[in-house]
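This briefing is for a reader who is meeting the structure for the first time. Please look over the sequence and the structure before going on to the points below.

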Amino acid sequence: MKRLPTSLMACMGMLLLAGTGCNSTGNYDLLLKGGMVYDGSGGPPQIADIGIRGDSIAAIGDLGDAQAQRVLEVGGMAVSPGFIDLHTHLDPVMTHSDCESHLRQGVTTSLGGPDGSSPWPFDAYLDSLSNLGVGMNVGYLIGHNTVRRNVMGLDNRAPTPEELEQMKAQVALAMEEGAWGISTGLKYLPGSFSETEEVVALSRVASEAGGIYTSHLREEGLEIFASVQEAITISEQADITVVLTHHKVIGKPMWGKSRETLAMVDSARAKGLDVRIDQYPYNASYTGISVLIPAWARAGGQEAFLQRLADPILRDSIHAGVVFNILNDRGGDDLARIQFARVSWMPELEGKTLKYWCEQQGLEPTLENGADLVLDAQKRGGASCVFFAMDEGDVQQIMQHPYTMIASDGRLVNPGEGHPHPRWYGTFPRVLGKYVREEKRLPLETALYKMTGLPAHTMGLSDRGYLRVGMKADVTVFDPETVADRATFEKPHQYPDGIPYVIVNGHLAVDEGELVPAKNGRVLRKTKP
């Protein structure tokens with residue numbers, strides 16, 4: 001690995017690394033000296049200095065004796081564009097605006113509004129967040145479920161022509177106000193009540209404004225092939241970039257089937273469709289316990305659900321559906337694979353399993369008794385759970401696909417809040433430590449491309465995701481020999497190791513491994529192409 005020199009030829013070579021001009025003189029606000037610079041393109045690193053002035057990268061190369069207000073000696077460290085998380089649950093951002101759990105992972109930009117759920121009214125929310133200040137850069141998608149609920153509530157039917165026009169108008173308004181695209185959660189209410197044609201119509205509106213489409217697929221278990229095909233159809237008919245978000249294969253009967261889903265992506269791309277993937281590096285998912293309950297049973301909301309449970313015939317059908325899902329889907333055929341994460345009505349269950357709860361109640365841990373308790377939990381207001389229903393082989397295979405990006409599906413969190421999925425603290429360092437250094441599933445430069453350049457291109461960011469002169473100075477510095485996640489399913493509230501510096505818009509957000517109490521992130525709004 002060679003250090004870049006300061007000659008004219010080096011400046012010409014710098015164009016390959018930096019993408020724009022070369023500037024080796026001058027004073028800087030921040031100077032990173034001697035790091036292994038990975039520019040975000042997936043290419044090998046070069047030993048170089050980076051000079052930052054204001055919020056932007058001013059120079060990359062051998063900057064000699066250049067002066068700076070702060071000099072970071074980062075020899076032996078990897079210097080990367082700040083990580084971009086295309087799937088973040090930013091719901092708590094108003095109370096967690098420092099974004100520490102993400103910044104400590106090296107994330108400098110997050111895209112919120114996933115799985116069909118987003119803020120509304122859109123513009124007013126973004127204005128409020130801008131006024132509050134935020135620790136990292138954030139953008140938002142407009143959520144299909146949010147728009148459908150605004151117009152149709154939880155009705156299990158197709159929209160009238162007038163209702164469809166109202167939904168299209170709301171999507172168009174959000175796109176005008178800076179949304180980066182549209183998201184769906186077709187497994188969740190009320191998205192599960194929609195037909196493909198409805199989603200295509202709304203996605204066309206987002207596409208016309210230059211947006212993307214990310215989808216929690218309708219099914220990720222037994223019906224995953226049909227669900228992937230639906231996403232491909234939406235890409236084709238709406239002429240839109242599609243991201244199969246947190247792509248996974250759920251349930252023992254389908255383990256190993258990622259070969260087929262990835263082949264479907266390859267086939268779609270070969271036909272000219274822009275279909276991509278994001279993924280978190282764990283073999284367990286996290287969502288509400290209601291995912292085990294048939295969607296039809298919850299149409300109309302909680303009161304309607306309770307009324308159906310009071311009908312013995314309907315309750316039997318609902319109960320049978322829960323048993324089926326524990327056996328074949330999120331339940332992983334074992335009550336011990338369902339771990340409670342947030343339980344407002346019984347916090348002592350957090351971190352415990354459905355099997356534990358059965359035994360605590362004096363019940364045999366059968367699927368039938370487990371289903372009874374699932375329904376009881378939903379009657380009490382629901383709960384969030386971790387579901388150990390994925391195969392590690394599928395995780396690795398999906399990760400290695402050339403169009404898979406790393407994304408956390410994490411929620412902003414502070415230590416001590418519930419019993420979260422460890423991905424909320426550890427997604428990006430886990431890939432760098434476990435899958436790059438220890439298991440060698442990916443070269444480091446490829447992993448970083450999946451965290452930086454590729455998601456930036458997918459999202460449509462023009463000034464972030466690469467280390468190039470003139471780009472915004474979002475930078476993550478980590479030790480490739482020690483970077484590691486520490487959060488576990490047993491003890492999730494642990495920050496990662498090996499990430500001493502994170503820079504957001506030219507300012508240190510993490511300094512020597514500690515959060516800087518300043519909020520230099522920005523609310524990013526997409527502009528029309």
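Which residues point one way from strand 21 (residues 501-504), and which the other way? Tyr501 and Ile503 point one way, Val502 and Val504 point the other way, and all are buried, where buried means under 20% relative accessible area with a 1.4 Å probe and protein chains only. This is a predicted model, in which local features need pLDDT of at least 70 and side-chain atom pairs count only at pLDDT 80 or more, while totals for chains, interfaces and linings use all residues. Residues are numbered from 1 along each chain as its sequence is written, and side-chain values use heavy atoms, leaving out hydrogens and water. Helices (H or I, at least four residues) and strands (E, at least two) are DSSP runs, numbered from the N terminus.

**Around strand 21**
- Strand 20 (residues 475-478) runs antiparallel to strand 21 and is joined to it by three bridges, with valine 477 standing opposite tyrosine 501; two strands pair if DSSP finds at least two bridges between them.
- Four bridges join strand 21 to the antiparallel strand 22 (residues 507-511), where leucine 508 is the bridge partner of isoleucine 503.
- Strands 21 and 22 form a hairpin with two residues between them, and asparagine 505 in the turn has a positive phi of about 50°.

- Six strands, in the order 10-11-12-13-14-18, form an open sheet with parallel pairing, and its edge strands are strand 10 (142-143) and strand 18 (404-406), each of which pairs on one side only.
- Strand 11 (residues 181-185) is joined by five bridges to strand 12 (residues 212-216), in which threonine 214 is the bridge partner of serine 183.

Key: Buried < 20%, exposed > 50% of the residue type's maximum accessible area, 1.4 Å probe, protein only.
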